[in-house]
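Here are a few notes to read alongside the model. Take them in any order you like.

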Amino acid sequence: MAEERLFFQAEVSRLLHIVANSLYSEKEVFLRELVSNASDACDRLRYLALTAPELTEDDPEFRIVLSVDKKGRGLTVADNGVGMDREELIENLGTIARSGTQAFVDRLTGDSSRDVALIGQFGVGFYSAFIVADRVEVTSRKAGEEQAWLWTSDGSGEFSVTEAERDSRGTSVTVHLKKGEKEFLEPERLRHIVKTYSDHIPIPIRLDGEGDKLNAAAALWTLPRKDISEDQYKEFYHHVGHAFDDPWLTIHARAEGKIEYTLLLFAPSVRPFDLFHPERRHRVKLYVKRIFITDDHEGLVPPYLRFLRGVVDSEDLPLNVSRELLQTSPILARIKSAVTRRVIGEIKKKAKKEPEEYARFWENFGAVLKEGIYEDPDQRDVLLEIARFRSTARGDELISLDDYVERMKDGQEAIYYIGGESLEGLRHSPQLEGFVARGVEVLLLTDAVDEFWAPAAQRYADKSFVSVTQGAADLDKFALQDEDAAREDGEGPSDSQTATLIALLKQTLGDVVKDVRTSERLTDSAVCLVADEHDLDMRLARMLKQQGQLDELAPRVLEINPRHALIKSLARRATEKGASDALEDAAHLLFDQARIAEGEPLPDPAAFSRRLADAMTKSIAATA
Ligand code: ADP
Ligand code: MG
């Protein structure tokens, strides 16, 4: 077959340009990426050989070999792994299979040490060869096939694929170094880079012509803890996690007894970019007796721990385990719950010992952990225990539910919360006023997931969770803190005047409100909206409507503040003759105001602005 010229997918072209230009200061990572691909290729073949042993019979020892061609300025990374056929070369090295390339490009900051961290995460590792290369050649022969293929590109928009020869299975990636990059031809330099970035890769890496391997080549998690340095753990984390930060938490443990497994898991200290992707995939690698099986099996780690990176190596699963078998394996289910318990236990310990460090972790991953509160009833209580919150009682500080419960008022039976988009917005919510005035603490919840777990969590320390934007407030039993506010009540409207006003508001507003009633919830504002106790809470309903999962918002309850000057005078007017006409605009204005305070759009903004203009005109005329 003649040489075939193909174009890179547009995103790849753009990416190549950025990679080559912005990541120069981190250029040596290209070698780590190529070695890591070689090692992945060996892992994959080893796995295939479990069921098709003929694939590796002729050459069972996996290896990675680096060789240098000083004259031609070429550095080659060769492996005897799974190899690629023509289609795979085109697919794997010409497109970016994973979605989110645009997101990647958008997130590049220009700060290369940050950008380079994104590279591994987005799976564009191979393209990093173009940081140092003016041309890259990939010769590959797929295990079990005779035909080899040569892929070449100068990284400027096109690549070509043509038939080639290779003596045996595997892949050789040759990087033709740019003029200034001769350092990567020096054995010392290569030895150093391999030692730094790829020491623990469980496949020997050799320099062509030299006998000794450059790396330790032992699976790190199989070594005793005391023989592993912090740097080795860190390097391993960088490798398995495609990460560049320091791990926030390292858990290395061996379970013996009924089920035997080793785990080496890390929690990152920064948020991975895809933490909130809808697939919620984790990337913990499952090994069986040192052999890599898969890195995306949902049965290994629950989605709410998807920030974890690392390895779980089982002694009990059969080596020829298939995906179908994994799906229903009781052993895997037991490993999963043991791993889950262990990880949460370690997080809890750290929360206790290093509360400030823990607060940083919580800012990164709290929103994800909270998914477990409604997804995993077994862990609900401990997750609630380690959960942290902002609240009305403590400025910006994070508090625990135990802190909250300790501060509860006499007779308080519920843990109160309010949900919304931002802390700032929440702190000014009218529904909070009555709670704050009585010194009743309210949790301020700003993560979308809060709307789901809070109604589901039911109880903590025998207290139920109650939204302050839903149902009746029941605040009578708590005294107002400010004596003046309590006494000022004196010349309010009579009960019957207020009742008349309420009847009038109901009549004017009709079906758009579920009910109109007075409220203990308000101190400064005249009105607010709350959800009826049988409906969805307001923010949840808004979120579901936005996602198209709900057609219409249920009508809300309009609460009025009988101590507010406006409501007082409206109540007095309500019993006068002709009040229903006179107060019609006021009724609509009150309701619209409450909607605005909720951040909800008005169905008829023009009518609102006309009524407001009328009201202002009258009030100015009255004072003139
Ligand atoms: P990632 O390793 O995160 O998938 P890369 O850009 O490093 O992303 O590699 C892209 C893909 O190219 C790999 O997923 C793999 O399918 C293929 N590939 C790269 N190098 C090799 C190799 N040495 N042997 C076999 N396949 C390879
Ligand atoms: Mg890679």
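1. First, some ground rules: two strands pair if DSSP finds at least two bridges between them, and strands (E, at least two residues) and helices (H or I, at least four) are DSSP runs, numbered from the N terminus. This is a predicted model, where local features need pLDDT of at least 70, side-chain atom pairs count only at pLDDT 80 or more, and totals for chains, interfaces and linings use all residues. Residues are numbered from 1 along each chain as its sequence is written, and side-chain values use heavy atoms, with hydrogens and water left out.

2. Start with strand 5 (residues 148-153). Strand 4 (residues 133-141) pairs with strand 5 in the antiparallel sense over six bridges, and Arg141 stands opposite Ala148 there. Six residues sit between these two strands in their hairpin, where Gly144 has a positive phi near 90 degrees.

3. Now look at strand 6 (residues 158-164), which pairs with strand 5, again antiparallel, over five bridges. Trp151 stands opposite Val161 in strand 6. This hairpin has four residues between its strands, and Gly155 in the turn has a positive phi of about 75 degrees.

4. How many of the six residues of strand 5 are buried? Five are, so strand 5 is largely enclosed by the rest of the structure. Buried here means under 20% relative accessible area, exposed means over 50%, and partly exposed is in between (1.4 Å probe, protein chains only).

5. On to salt bridges (a side-chain nitrogen of Lys or Arg within 4 Å of a carboxyl oxygen of Asp or Glu). The whole structure has 50 of them. In one, Arg86 and Glu4 meet at 2.7 Å, N to O. Arg86 lies in helix 3 (residues 86-94) and Glu4 in strand 1 (residues 4-7), so this pair ties together parts 82 residues apart in sequence. Arg86 is buried, with a relative accessible area of 15%, while Glu4 is partly exposed at 25%.

6. Another salt bridge joins Glu451 and Arg539, with the closest N and O atoms 3.0 Å apart. Glu451 belongs to helix 16 (residues 450-457) and Arg539 to helix 19 (residues 538-546), so the pair ties together parts 88 residues apart in sequence. Both Glu451 and Arg539 are buried.

7. One more pair to find is Lys514 and Asp535, whose side chains meet in a salt bridge at 2.9 Å, N to O. Lys514 is in strand 20 (residues 513-518), and Asp535 is in the loop between strand 21 (527-530) and helix 19. Lys514 counts as partly exposed, at 41% relative accessibility.

Terms used. Chains lettered and ligands numbered in written order.
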